[in-house]
Amino acid sequence: MNAFKFFELFSTLSLVLGLTPWDFNGTTPGIKDIIIGRCTQFQQLNSQNRNPALYTDVDCTKVWNLFSNSFSFKDTCRSGEVTEKNYEPLFNLIGSKVPLTNQALFWSGTRHIVHEYTSVESNYFTLEDTFPGYIANDLKWCGCENCLYGIDYNSCNKSCSLSTLDSYWSYASRLFAQNAKGTAYVMVNGTTSSGFTAYYNMSYFGKIELPTMGKMKQVSRLVVVVVNDLDTELKEKCGEGSLVNLVEDAIKAGIKKVECIDQPRVTIFLLCAKYPNSKQCLSMLN
């Protein structure tokens with residue numbers, strides 16, 4: 001099945017069944033075509049490829065081969081079978097070593113708003129704006145010793161398949177943090193649901209990105225941006241709760257200057273554009 005026919009079928013299934021990539025039990029259908037297609041699009045069409053720190057010029061077929069070789073024909077549930085080391089040949093090819101100066105934007109618990117923010121404030125870039133993040137965003141994959149091409153499209157064991165993804169995203173997160181320089185930013189949620197906090201030291205940001213920035217000693221200033229969901233009771237703000245821990249951990253890591261901003265106006269405008277009938281937005285009109 002060629003790429004066009006596959007995407008036509010995928011779109012039909014998604015509309016009829018209401019499916020998203022994560023609704024499939026196994027590896028995302030058509031993942032090879034998606035990876036190669038995104039690879040080509042990033043290089044030919046995406047504006048971020050004109051940024052020297054994000055520029056990529058690679059053979060997309062080679063990218064797919066290295067990506068699939070990292071996990072194909074491997075038992076996802078076998079301890080140590082798929083680790084960050086498996087992805088090393090891929091990241092040696094696609095990873096940038098040019099510093100991203102004053103433009104690196106990390107996030108935790110703000111997946112949607114942070115990317116809406118970067119679509120408006122185009123001088124900032126998240127991990128998903130880099131080549132490694134772009135090609136794999138929202139995809140799922142796992143290997144199988146006896147499957148066709150070594151990729152399991154039927155079932156990725158939920159209890160252990162996340163290690164395959166975690167190894168990839170841990171490597172990508174570390175690389176992104178290594179390239180951050182000057183002022184870096186992190187966007188967190190001050191209105192998290194019960195049991196969650198704005199800052200969690202075992203999130204990708206807490207356990208990988210923040211310590212890596214400190215180790216590299218290229219980031220001299222960290223700006224924490226706290227965003228709050230509309231019509232939701234405020235749980236944490238600058239100088240309170242886990243945000244105190246974030247500042248402490250940043251200083252311990254070696255980032256001496258840390259600033260915190262509560263709900264910048266641009267984030268309110270973005271949220272109100274998306275949810276114009278919220279009580280908070282309607283009150284602004286009076």
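Student: How far apart are the sulfur atoms of C142 and C156?

Tutor: C142 and C156 form a disulfide, a pair of cysteine sulfur atoms within 2.5 Å. This is a predicted model, where local features need pLDDT of at least 70, side-chain atom pairs need 80 or more, and totals for chains, interfaces and linings use all residues. Residues are numbered from 1 along each chain as its sequence is written, and side-chain values use heavy atoms, without hydrogens or water. For C142 and C156, the sulfur atoms are 2.1 Å apart.

Student: How many residues apart in sequence are the parts that C142 and C156 tie together?

Tutor: Both C142 and C156 lie in the loop between α6 (131-136) and α7 (162-179). Helices are DSSP runs of H or I with at least four residues, strands are runs of E with at least two, and both are numbered from the N terminus. The pair therefore ties together parts whose separation in sequence is 14 residues.

Student: Is C142 buried or exposed?

Tutor: Buried means under 20% relative accessible area, exposed over 50%, and partly exposed in between, with a 1.4 Å probe and protein chains only. C142 has 2% relative accessibility, so C142 counts as buried.

Student: Which helices hold C39 and C60?

Tutor: C39 and C60 form a disulfide too, with sulfur atoms 2.1 Å apart. The pair ties together parts 21 residues apart in sequence, because C39 lies in helix α2 (residues 31-44) and C60 in helix α3 (residues 60-69).

Student: What is the handedness of the disulfide of C272 and C281?

Tutor: C272 and C281 are both buried. The torsion about their S-S bond is about -90°, so the disulfide is left-handed.

Student: How many disulfides does a search of the whole structure find?

Tutor: The pairs include C39 with C60 and C272 with C281. The search of the whole structure gives a total of 5.

Student: What is the volume of the largest pocket?

Tutor: A pocket, on a 1 Å grid over the protein atoms alone, is an open set of points where a 1.4 Å probe fits, with protein on both sides within 12 Å along at least five of seven lines. Grid points are joined across faces, edges and corners, and volume is the space filled by probe spheres set on them. For the largest pocket, that is about 600 Å³.

Student: Which element gives the most to the lining of the largest pocket?

Tutor: Lining residues have an atom within 4 Å of a point. Of the 24 here, the closest to the centre are W107, R111, E128, W169 and Y204. β2 (105-108), α7 and α8 (204-216) each give two or more residues. With 6 residues, the element that gives the most is α7.
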